[in-house]
Structures are given as structure tokens and as C-alpha cells.
Amino acid sequence: MSETIKRNETVQRYQVADYLNIGTNTENYEFMGMGFNTLDENPSAQQDSKTYICDKSATTTIKGYQTQFPFDTDLIKSQKAIMYLYDIGRNQKTGADAETDYVRVELFEPISGKDNTFKARKFRVAAEISSFAGAGGETIKVTGNLNNVGSFIDGEFNTVTRTFTPTGNETGGTV
């Protein structure tokens with residue numbers, strides 16, 4: 001038998017790249033890397049459970065998602081994405097002033113025939129800045145959540161030109 005056995009390939013955190021739109025009138029995506037200690041994704045499935053008269057146990061369905069991206073950063077003045085988030089919290093911005101676009105890029109899923117282009121999802125997010133904290137002699141930390149607004153748009157992202165192109169596979173709703 002000459003079959004090659006493939007090992008299960010795990011995806012490491014560095015294989016997911018994150019970009020925040022810091023532009024006001026045009027898209028200007030900044031890489032969220034240096035200074036970010038964590039930037040997670042919590043899909044937070046919303047459930048609906050019912051127990052029908054003919055059943056002993058409940059039936060559960062997923063009715064939607066309330067996605068949240070918790071983050072923890074060191075306040076590094078030269079990092080534009082961090083300073084953008086800091087500005088939202090410092091100036092206590094609300095509503096549309098606290099919203100922007102966020103792109104999560106799957107570097108482990110390259111688009112065939114397109115250099116530097118990978119599968120990606122574009123989210124509209126409300127930046128919730130929870131704290132600026134730091135003990136004496138320590139770097140200030142900026143923590144919070146990027147809270148999803150509406151539904152994400154499926155697409156691809158070029159990491160050199162920093163442009164997102166939708167594939168037309170919107171998950172519902174508008175972003």
C-alpha cells in the first residue's frame with residue numbers, strides 16, 4: 001500500500017491575521033499584531049429550546065449569533081490600530097463614532113491563483129473599550145471587545161494591498 005498518511009494539521013494563532021479600518025471616509029486597514037496580547041473570536045450561538053408535549057427532553061435550535069472579539073493590548077503609541085481603539089475609549093465615543101470595519105483573515109486558506117490573497121470575513125463592529133490599566137512600572141493595557149453589528153460578509157483579503165473583496169456569500173443581513 002503506497003498511501004501517504006497525512007498528519008492532522010493544527011492551525012496556529014499566527015495563521016489568522018486581523019485588520020482594523022482606521023479610515024474615516026476611505027478604507028484604511030491597519031494590521032492588529034504588535035501590541036495585541038490576545039484577540040479572540042467568540043461566536044456566542046444564541047439558542048432557542050422547547051420541550052414538545054410528546055418529548056421528555058428539550059429540542060434546541062440555533063437562532064443566531066452574537067459574535068464578540070475580546071482583546072487585550074499593550075498601549076503602544078506607534079501602533080495605529082491600538083491608538084484608534086484607545087481614542088474611542090479615551091474620548092468616550094458612542095454610536096456610529098464607536099463603529100468601524102474589522103477583517104479576520106485566514107492565512108491558512110490562500111486563494112488559488114492570487115498572490116497574497118486569503119479567505120476572510122469582514123465584520124462591522126462596535127468597539128467597546130473596557131479599561132486602561134497598568135500598575136506602577138508596567139505598560140498600560142487597553143482591553144475590551146469588538147462587538148459584531150449585523151452579519152459578516154464572506155470574501156477575500158489581499159495582505160499587501162490591504163483590500164477586502166466580497167465573494168457575494170453574505171451570511172444574512174447587512175454590514
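In this predicted model, proline 110 is exposed, its relative accessible area being 54%, and the residue is found in strand E7, which spans residues 99–110. Leaving aside residues up to four places away in sequence, proline 110 touches Thr117 and Phe118. The C-alpha atoms of proline 110 and phenylalanine 157 are separated by 9.6 Å, although the two residues are 47 residues apart along the chain.

The largest nonpolar core has 19 residues, and those with the most contacts inside it include Leu20, Phe36, Phe71 and Leu85. At least two residues of this core are supplied by each of strands E3, E6, E8 and E9 and by helix H1, and the largest share, five residues, comes from H1. Apart from this core lies another, of 10 residues, with Phe157 and Phe164 among them. Phenylalanine 71 touches, among others, Phe36, Leu85, Ile129 and Leu146, again not counting residues up to four places away in sequence.

A search of the whole structure finds 13 salt bridges. In one of these, the side chains of glutamate 27 and lysine 122 meet at 2.8 Å, N to O; glutamate 27 lies in the loop between strands E1 and E2 and lysine 122 in strand E8, so the pair ties together parts that are 95 residues apart in sequence. Glutamate 27 is partly exposed, with a relative accessible area of 44%, whereas lysine 122, at 13%, counts as buried. A salt bridge also joins lysine 141 to aspartate 72, with the closest N and O atoms 4.0 Å apart, and this pair links strand E9 to strand E6 across 69 residues. Finally, Arg13, Asp18, Glu41, Arg104 and Arg121 are linked in a network of salt bridges.

Key
Residues are numbered from 1 along each chain as its sequence is written. This is a predicted model: local features need pLDDT of at least 70, side-chain atom pairs count only at pLDDT 80 or more; totals for chains, interfaces and linings use all residues. Side-chain values use heavy atoms; hydrogens and water are left out. A nonpolar core is a set of buried Ala, Val, Leu, Ile, Met, Phe, Trp, Tyr and Cys residues joined through side-chain atoms within 4.5 Å. Buried means under 20% relative accessible area, exposed over 50%, partly exposed in between (1.4 Å probe, protein chains only). Helices (H or I, at least four residues) and strands (E, at least two) are DSSP runs, numbered from the N terminus. Contact means heavy atoms within 4.5 Å.
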